[in-house]
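Welcome! Take a moment to look at the sequence and the 3D view, and then we can walk through some questions together.

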Amino acid sequence: MTRLNRALPIALALLAAFPAAHAEYSMPPAALQAIVDAPRAPALFLGPNRDVAGLVQMPSLPSIVEVAQPELKLAGVRINPRTYAASRFSFGSNLMLMNVADAKQVQVSGLPKQLRLADVAWSPDQRYLAFTHVSVGDANGKGAGVELWVVDVAAHKARRVGTQQLSAVFNRGFSWLPDSKGFIVTLRTGGVAPQPSGIPTGPVIQESKGGPARQLRTYQDLLKNEEDAKIFEHYATAQLASIDLQGKVKAIGAPAIITSVTVSPNGANLLTTTVQRPFSYAVPVSSFARRIEVRDFGGKLVHLVAEKPVEEGLPPGNDAVSVGARSVSWRADAPATLVWAEAQDGGDPSKQVDIRDHVYSLAAPFKAQPTLLAKLGSRYSGVRWGRGDLALITEYWWKTRALKEWRVRPDQPEAAAELAFAYSSEDRYNDPGDPVTRPDAAGNQRLVIGANDTLLLKGEGASPEGDRPFLDRYSLATRSKERLFHSAAPFYENVVSVLDNDGKRILTTREAPTERPNYYVREGEALRAITSFPHPLPQLKDVQKEQIRYKRADGVDLTATLMLPPKYDVKRDGPLPMLMWAYPAEFKSAAAASQTTGSPYHFNAVSYWGPAAFLAMGYAVLDNPSFPIVGQGDAEPNDTYVPQLVADAEAAVEEVVKRGVADRHRIAVGGHSYGAFMTGNLLAHTRLFKAGIARSGAYNRTLTPFGFQSEERIFWKAKDTYQTMSPFNNAEKIKDALLLIHGEQDNNPGTFPVQSERMFHAVKGLGGTTRLVMLPNESHGYRARESIMTMLAETNAWLDKYVKNAKQ
């Protein structure tokens with residue numbers, strides 16, 4: 001393990017002239033260290049009867065020892081070869097149970113020593129709470145694996161179920177049976193893992209024999225050769241089985257690469273998706289050849305739903321989908337009925353058709369012809385089940401942002417669908433909210449339906465005054481609403497769950513600028529706290545926050561969260577150095593782009609991940625200022641990306657300078673991922689900022705030629721847009737200091753580490769001021785405590801030198 005370097009000041013490192021070096025991890029000032037190590041609130045998991053909850057304590061950040069554990073990067077999946085599970089680095093360290101009625105908390109006994117809790121799931125009858133514990137084994141990894149445990153809720157005691165270890169490469173590795181008497185699990189199959197020889201057996205060959213255009217995104221961690229394929233096959237293969245609460249195991253069928261398995265509501269059938277050869281070197285496992293099947297608990301094939309080939313790309317456009325059956329699932333309110341969608345346009349959004357998707361259902365024994373449930377003018381995106389005469393099917397078209405929800409009667413498929421809701425997904429002010437669901441006796445989510453076909457809707461409640469979460473009763477018959485709850489100043493109160501079916505008792509989280517979110521039970525005006533998590537950083541309790549509004553030069557309304565250090569007074573202290581942190585967003589209308597986001601009553605959270613940490617170092621912070629990129633009508637937003645981005649930045653700078661809180665000549669801009677891309681562009685096209693902090697970004701759009709972010713056109717159809725938007729192409733214009741930080745093992749599509757490396761080389765080679773920090777063993781988001789500390793140390797030193805102490 002690399003030792004922490006507490007002696008060498010970062011400022012000296014910044015002055016070093018070495019072309020490249022392997023530095024030690026760095027520590028920021030104590031005020032920033034305290035933010036990283038602040039206590040985290042437990043996670044709450046409400047039981048299906050809504051009267052008991054599990055509380056999982058989350059520890060501080062893992063060390064680099066944890067993050068640097070062995071990891072295989074195969075077929076778009078990252079696998080820990082010791083545990084036969086997807087790589088993860090944060091685990092719950094304790095488990096308690098809480099009675100919602102009196103808020104009494106009870107410690108669960110019998111937990112594993114040094115608990116590393118990965119996933120939890122309540123049994124449908126709420127008698128048990130299951131969880132997985134990821135054992136690290138001995139020094140050589142022997143005994144490492146994913147173990148299944150259950151808590152007897154009445155006895156408050158945990159015990160392990162069986163002795164076999166789970167395979168959790170594609171999911172958590174277990175799910176409850178509807179009768180709460182056991183589980184469906186994927187088990188490790190054993191055997192000796194293939195070892196790479198390092199000696200090639202021949203070239204890797206790929207070939208295209210022509211055909212229609214396909215949009216092939218840039219993916220990470222793909223298979224490279226047959227050796228990779230065999231290693232992937234070994235770790236991805238699992239044995240499907242059932243296991244009862246006493247640990248008795250019954251194998252189901254032969255081992256296979258099982259990416260998903262769900263049990264029918266009546267507990268009689270299994271819906272499985274298994275990956276088949278041939279594999280691909282161009283796409284991840286989600287696009288490999290696969291079979292979707294219904295099997296019985298003896299492993300016998302009952303019904304073949306679909307057999308799909310390798311899919312190396314879709315037709316161009318964000319509304320493109322696969323041909324054939326997709327989104328296959330069980331109907332939650334029927335014993336064993338399959339539901340799926342099929343594109344009627346070949347999955348190609350460029351085709352002009354009236355009907356894009358059909359939604360079908362097929363009941364056991366799956367011998368009849370499928371029943372047509374709905375014809376949709378855009379893409380099927382899900383269904384919420386209620387009962388035989390009430391379900392809500394959702395369709396969506398990305399190009400226009402149009403979203404519709406239809407009431408259908410699944411037991412009466414000949415009845416016409418009725419439009420329940422229609423709105424734009426980017427129009428937050430008119431979002432009616434999401435229908436409330438709750439688990440039924442089999443554990444499946446069902447709509448909460450009241451008298452006369454009324455539903456409960458909960459939503460964010462966006463408004464010009466900020467977000468005000470709500471709960472409504474909505475009549476499908478009359479289209480009328482009754483407001484049951486509405487968050488009110490000076491608090492932000494969010495509906496977590498409805499505790500009774502009429503919406504009179506609800507579980508909420510409630511917070512204020514100086515009050516950390518805590519859980520409450522609300523009955524009308526009566527409010528009762530059931531948790532009391534303390535302020536994690538009392539030294540920053542008096543941080544000042546304001547939701548500000550201002551206009552872009554073209555009249556588009558913008559919002560931002562302005563944060564100022566404790567005890568700061570603008571008249572007394574004057575303008576401060578400022579860090580501005582943003583993430584651009586595309587819109588199809590200026591009206592939607594102008595809507596207010598956020599709430600002035602949110603807790604003044606100070607996290608190590610965002611810009612607020614630097615309040616502790618005396619900076620003013622402008623968090624999440626609106627950076628809309630608007631393409632109205634037939635116009636594409638990105639065709640005017642640079643001028644709109646510059647206009648957004650100019651408006652933000654003018655506003656904070658006008659308010660007297662920021663020194664025009666001491667402002668930095670930063671962002672992560674697409675925010676880093678924004679940062680590179682703002683430094684290339686303006687002199688508004690003294691420095692930029694760009695984390696894990698992409699800077700050359702020709703390296704993502706089949707689309708990026710929300711851009712659906714390929715490079716060859718929009719060359720000028722791709723070239724103009726790439727800050728790499730304008731690196732010679734960057735005259736202010738650019739700090740680039742990137743995880744060495746970034747797995748996010750498009751943000752390859754080489755993006756930051758090439759950007760650094762370009763700016764350096766052109767005589768610019770820049771620094772590149774590559775964090776070992778880190779992905780798109782950084783996880784190790786040492787990495788986070790180094791990120792803050794580097795950022796703080798950069799801001800101190802080029803912003804706080806900038807020369808006019």
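What follows is a set of questions and answers about this predicted model.

Q: How many of the residues of helix H8 are buried?
A: Helix H8 covers residues 674-685, which makes 12 residues. The buried ones include Tyr674, Phe677, Asn681 and Leu683. Helix H8 is largely enclosed by the rest of the structure, because the buried count is 11 of the 12 residues.

Q: What is the reach of helix H8 from its first C-alpha to its last?
A: At 1.5 Å a residue, 16 Å would be expected for this helix. The reach in the model is close to that, at 17 Å.

Q: Which elements are among those that cover the buried residues of H8?
A: The cover includes both helices and strands. Among the strands are E44 (585-587), E47 (662-672), E48 (691-695) and E49 (737-743). The helices among them are H7 (641-658) and H9 (719-725).

Q: Is Asn681 buried or exposed?
A: Asn681 is found in helix H8. Leaving aside its neighbours within four places in sequence, Asn681 is in contact with residues that include Tyr641, Leu645, Thr724 and Pro727. Buried means under 20% relative accessible area. Asn681 has 1% relative accessibility, so Asn681 counts as buried.

Q: Which residue of E4 is the bridge partner of Phe45?
A: Strand E3 (residues 43-46) and E4 run antiparallel and are joined by 4 bridges. Between these two strands of the hairpin there are 5 residues, and Arg50 takes a positive phi near 65°. The bridge partner of Phe45 in E4 is Gly54.

Q: Which residue in E8 is the bridge partner of Ala53?
A: Strand E4 (residues 52-57) is mostly covered, with 5 of its 6 residues buried. E4 pairs with strand E8 (residues 94-99) in the antiparallel sense, over 6 bridges. In E8, Ala53 has as its bridge partner Met98.

Q: Which residue stands opposite Val77 in E6?
A: E5 pairs with strand E6 (residues 77-80) over 3 bridges, in the antiparallel sense. Opposite Val77 stands Leu74.

Q: What is the relative accessible area of Ala86?
A: Ala86 is found in strand E7. Leaving aside its neighbours within four places in sequence, Ala86 is in contact with Arg78, Ala168 and Val169. Ala86 is partly exposed, and its relative accessible area is 29%.

Q: How many Å apart in space are Ala86 and Ile741, C-alpha to C-alpha?
A: In sequence, Ala86 and Ile741 are 655 residues apart. In space, C-alpha to C-alpha, they are apart by 25 Å.

Q: How many residues apart in sequence are the parts tied together by the pair of Phe131 and Trp149?
A: The structure holds 22 aromatic pairs. The pair of Phe131 and Trp149 is stacked, at 6.1 Å centre to centre and 20° between the planes. Phe131 is buried with a relative accessible area of 0%, and Trp149 counts as buried at 10%. Phe131 lies in strand E11 (residues 128-135) and Trp149 in strand E12 (residues 145-152), so the parts tied together are apart in sequence by 18 residues.

Q: What is the relative accessible area of Thr132?
A: Thr132 lies in strand E11. Leaving aside its neighbours within four places in sequence, Thr132 is in contact with residues including Arg116, Asp119, Val146, Leu166 and Phe174. Thr132 is buried, with a relative accessible area of 0%.

Q: Which ring does the charged end of Arg695 sit over?
A: Two arginines can be viewed here. The charged end of Arg401 sits over the ring of Trp398, 4.2 Å from its centre. The charged end of Arg695 sits 4.2 Å from the centre of the ring of Trp609.

Definitions and conventions. Residues numbered from 1 in each chain as written. Predicted model: local features only at pLDDT ≥ 70, side-chain atom pairs only at ≥ 80, totals over all residues. Heavy atoms only, no water. Expected span 1.5 Å × (residues − 1). Buried < 20%, exposed > 50% of the residue type's maximum accessible area, 1.4 Å probe, protein only. Contact = heavy atoms within 4.5 Å. Pairing = 2+ DSSP bridges. Phe/Tyr/Trp six-rings, centres within 6.5 Å; stacked < 30°, edge-to-face > 60°. Lys NZ or Arg CZ within 6 Å of the ring centre and 35° of its normal.
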